[in-house]
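Open the model in your viewer and keep the selection tool at hand. Each stop below tells you what to select and what is there.

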Amino acid sequence: MINVSEALEPLAAWFRSLGIPQPIVEWGHPGMMGIVVVVMGSYVGWTGWRYRLAKDKDESFKNRMNHRLLAPWMFFFLAAGYPGGVLSLVMQRHAIFESPHFWTGSLVLILLLINSVISFTGFAGGKPALRTTHAYLGSGILGLLVVHAVLGLI
């Protein structure tokens, strides 16, 4: 079985050789991902619920379009930040698989992928149960991201 930390060590050593200040190595990933989660995550969640709950048809449509536009970008930035977080762990010589932060981050991406598939299938022809599942799963993911952030800071 491959030891992931050992496999990534040459890349981590190269980044260490660049003289990147320790605060950047330690806090760069949390800072950037914090922006994505707080700004994009809250907006994606807010527009998704505004779309569902708005009484005005135009307001509902506007929120739906904003949600559909930004949600894939949020997923992209979270997925792009994932390897940076793993590399940061290796650079700091932390065990990857012993980190609860690693496991919650992995779970977030898996759940976001599932939620994306639900959406991209058109909710299996617009089934209300899948729309509701999508909404509550998305909200649960945002809650999990809060737990994920806390685990990353401790």
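A search of the whole structure finds two salt bridges. A salt bridge here is a side-chain nitrogen of Lys or Arg within 4 Å of a carboxyl oxygen of Asp or Glu. This is a predicted model, in which local features need pLDDT of at least 70, side-chain atom pairs count only at pLDDT 80 or more, and totals for chains, interfaces and linings use all residues. Residues are numbered from 1 along each chain as its sequence is written, and side-chain values use heavy atoms, with hydrogens and water left out.

**Stop 1: the salt bridges**

Select Glu9 and Arg16. Their side chains form a salt bridge, 2.7 Å from N to O. Glu9 is partly exposed, at 27% relative accessible area. Arg16 is partly exposed too, at 25%. The cut-offs are: buried under 20% relative accessible area, exposed over 50%, partly exposed in between (1.4 Å probe, protein chains only).

Now select Arg50 and Glu59. Here the closest N and O atoms of the salt bridge are 1.7 Å apart. Arg50 counts as partly exposed at 32% relative accessibility. Glu59 does as well, at 28%.

**Stop 2**

Go to Ser60, in helix H3. Helices are DSSP runs (H or I, at least four residues), and strands are runs of E of at least two, numbered from the N terminus. Is Ser60 buried or exposed? Ser60 is buried, with a relative accessible area of 12%. Leave aside its neighbours within four places in sequence, and Ser60 is in contact with Tyr51 and Ala54. Contact means heavy atoms within 4.5 Å.

Next, select Ser42 in helix H2, which spans residues 22-53. Ser42 is partly exposed, with a relative accessible area of 44%.

**Stop 3: H3 against H4**

Select helix H3 (residues 57-91) and helix H4 (residues 100-120). They pack at an angle of about 160 degrees, and their axes are 11 Å apart. Axes are lines fitted to C-alpha atoms, for helices over the stretch in contact, and angles run from 0 to 180 degrees between N-to-C directions. H3 and H4 are therefore roughly antiparallel to each other. That term applies to angles over 145 degrees; under 35 is roughly parallel, 65 to 115 roughly perpendicular, and the rest oblique.

Show the side chains at the contact. Which residues of H3 meet H4? They are Met74, Phe75, Leu78, Ala79, Tyr82, Val86 and Leu89.

**Stop 4: positive phi**

Select Arg93, in the loop between H3 and H4. Arg93 has a positive phi of about 60 degrees although it is not a glycine. Arg93 is exposed, with a relative accessible area of 61%.

Finish at Phe123, in helix H5 (residues 122-126). Its phi is near 55 degrees, a positive value in a residue other than glycine. Phe123 is buried, with a relative accessible area of 10%.
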